[in-house]
Amino acid sequence: MKKSVALAIAAAISLSSAGTALANNPFSDVPQGHWAYDAISQLERDGLVTGYGDGTYRGDRAMSRYEMATVVAQLDDANSENTEIVNKLRSEFATELYNLGVRVDKLEKNASTIKFTGDARIRYQSGGGSSSLMSFKDDNTARRGSRFQERVRINMTADVNEKIKFLGRIKFENTSNRKDASKTDSRSWSQDVWLDRAELVYKSGSFNARVGRILPTLGQGIIWSNSNPGDGALIGFTNKKIDIFGGVLDFSPTTGSSHGDSTNSQSSRNASVAHLGVKVTDKIAITAAYLNSHNNTTYPFELMAFGANAKLGSNWKLAGEWIKNNADISSGVKNSDQDTGYWLRLQYKNADMKKPGTYHIYAEYMSMGAYAVDSSAHPDILDIAPGNGTGKDGAKGYGIGITYVPAKNMNLQFVFHDLETKDGSKDYRNSYQFLTNFKF
């Protein structure tokens with residue numbers, strides 16, 4: 001849209017009122033017969049002027065420098081013939097524009113500016129979080145696995161142009177005093193700082209495409225949650241009712257044991273993925289998700305999941321998902337039901353890190369087979385790793401979680417799980433987690 005600077009200056013700086021305003025006038029004190037009525041109407045439609053809270057323009061009084069600066073700040077789309085006068089105005093009102101938080105360098109308008117945000121987490125885990133921390137109660141040769149972890153992530157957002165956005169994230173995580181269930185020693189290490197998100201997002205109407213290192217969520221998050229990256233491309237369609245996407249991703253950045261270290265030894269784990277979310281009503285949504293690794297040897301997953309979430313009144317939420325692995329695994333696994341699983345969670349209230357004093361409490365039940373999910377990069381929504389054939393026999397049982405926001409941009413969490421094997425033959429040692437999260 002091209003805005004005439006001459007029109008803006010003439011109408012904004014000087015306007016006297018007379019006569020009676022009509023109902024469809026943009027401002028009540030600008031009569032339709034006034035010489036500047038058309039100019040003021042166009043300025044209001046273009047967003048150059050908004051008037052005062054009482055619906056008046058007040059053209060019979062002199063504008064303050066700050067009021068004039070707000071008009072100048074809107075002149076970014078002026079055509080080339082007005083460039084000189086726009087630059088002079090920006091120079092004249094540079095101080096006011098700076099105080100209003102407006103960038104006045106004409107080059108900055110066309111340059112991509114990047115916004116940084118961050119989050120940090122400190123947590124202690126005992127008996128959960130990864131399959132190597134889980135042990136059986138009756139196994140005297142094993143111990144309860146535990147670890148301390150500190151994590152910092154820096155998020156980056158930048159508008160490349162009107163349709164393309166860049167999203168990035170840099171991650172650092174330190175683990176100390178890790179005691180695996182099967183070992184007698186404890187270890188500490190720090191991962192390399194690594195880029196666990198670097199994606200370009202293209203949007204045109206309802207169509208969207210994502211390419212690079214992506215953080216996808218499939219279904220309710222049991223197959224894959226957006227805390228873990230994959231390299232590849234996705235295309236999709238999104239509106240108020242439907243969210244659908246699909247593509248190909250390499251999940252080795254997450255599933256490889258050395259994903260945070262300087263090494264190229266991890267073999268690729270490519271998979272076709274698809275997601276469908278449908279908003280049935282304002283309170284109910286259903287999902288379907290699919291992941292196929294096309295590899296029954298090193299990454300035997302052909303997962304499909306069906307889930308739903310619902311708001312039950314103003315304070316209660318219910319979510320759940322059923323999942324099955326159709327990969328060509330041994331018949332013994334299939335006959336023992338280790339290739340299926342489901343999860344249910346009922347939550348009361350909602351903790352909002354922007355609102356101190358808010359909290360939520362949830363109770364959940366899960367029954368996950370050893371090959372039902374990829375526990376080497378288990379979904380964060382489960383809070384524990386039920387195992388994917390690494391000597392464990394799945395996980396079945398209940399968990400509770402409490403989150404409280406003591407101050408803005410931080411929370412405290414406690415998570416507990418009491419689990420047994422999928423067939424109920426053995427009990428795992430109970431798992432505990434204590435966490436504190438920060439945003440900045």
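**Close-up views of the predicted model**

**View 1. Y365 is partly exposed, with a relative accessibility of 34%.** On this scale, buried means under 20% relative accessible area, exposed over 50%, and partly exposed in between, with a 1.4 Å probe and protein chains only. This is a predicted model, in which local features need pLDDT of at least 70 and side-chain atom pairs count only at pLDDT 80 or more, while totals for chains, interfaces and linings use all residues. Residues are numbered from 1 along each chain as its sequence is written, and side-chain values use heavy atoms, with hydrogens and water left out. Y365 lies in strand β14. Strands (E, at least two residues) and helices (H or I, at least four) are DSSP runs, numbered from the N terminus.

**View 2. A nonpolar patch on the surface includes Y365.** Strands β13 (340–348) and β15 (395–407) each supply at least two of its residues. Patches are made of residues with over 30% relative accessible area and no salt bridge; nonpolar side chains (Val, Leu, Ile, Met, Phe, Trp, Tyr) are joined within 5 Å, and like charges within 9 Å. Accessible areas come from the Shrake-Rupley method with a 1.4 Å probe, and for residues only the protein chains shown count as cover.

**View 3. The whole chain has 8 helices and 17 strands.** Of its 440 residues, 44% count as buried. The accessible surface comes to about 22,200 Å², and 54% of this belongs to carbon and sulfur atoms. Among contacts (heavy atoms within 4.5 Å) with a separation of 6 or more, 56% are between residues 24 or more positions apart.

**View 4. E199 forms salt bridges with R197 and R210.** A salt bridge is a side-chain nitrogen of Lys or Arg within 4 Å of a carboxyl oxygen of Asp or Glu. The closest N and O atoms of R197 and E199 are 2.8 Å apart. For R210 and E199 the N to O distance is 2.9 Å. This second pair links distant parts of the chain, since R210 is in strand β6 (residues 207–214) and E199 is in strand β5 (residues 194–204), 11 residues apart. Both R210 and E199 are buried, and E199 has a relative accessibility of 1%.

**View 5. D231 and R213 are joined by a salt bridge.** Their closest N and O atoms are 2.7 Å apart. D231 lies in strand β7 (residues 230–238) and R213 in strand β6, so the pair ties together parts that are 18 residues apart in sequence. D231 is partly exposed, at 25% relative accessible area. A search of the whole structure finds 13 salt bridges. Elsewhere, salt bridges link R178, D180 and R187 in a network.

**View 6. The largest nonpolar core has 31 residues.** A nonpolar core is a set of buried Ala, Val, Leu, Ile, Met, Phe, Trp, Tyr and Cys residues joined through side-chain atoms within 4.5 Å. The members that touch the most others are L218, I223, F251, L291 and I323. At least two core residues come from each of β8 (242–250), β9 (270–279), β10 (284–292), β11 (302–312), β12 (316–325) and β14 (359–368). Leaving aside residues up to four places away in sequence, L218 touches residues including I223, W224, F245, V273 and L291.

**View 7. W316 and Y348 are one of 10 aromatic pairs in the structure.** Rings of Phe, Tyr and Trp (its six-membered ring) pair if their centres lie within 6.5 Å; planes under 30 degrees apart count as stacked, over 60 as edge-to-face and the rest as tilted. The W316 and Y348 rings are tilted, at 4.8 Å centre to centre and 50° between the planes. W316 lies in strand β12 and Y348 in strand β13, so the pair ties together parts that are 32 residues apart in sequence. W316 is partly exposed at 39% relative accessibility, and Y348 is partly exposed at 26%.

**View 8. The rings of Y342 and Y365 have their centres 6.2 Å apart.** Their planes lie at 35°, so the pair is tilted. Y342 is in strand β13 and Y365 in strand β14, so the pair ties together parts that are 23 residues apart in sequence. Y342 is partly exposed, at 35% relative accessibility. In a cluster, ring pairs link Y398, F416 and Y432.

**View 9. F301 sits in the loop between β10 and β11.** At 3% relative accessibility, F301 is buried. The C-alpha atoms of F301 and D328 are separated by 8.5 Å, and the two residues are 27 residues apart along the chain.
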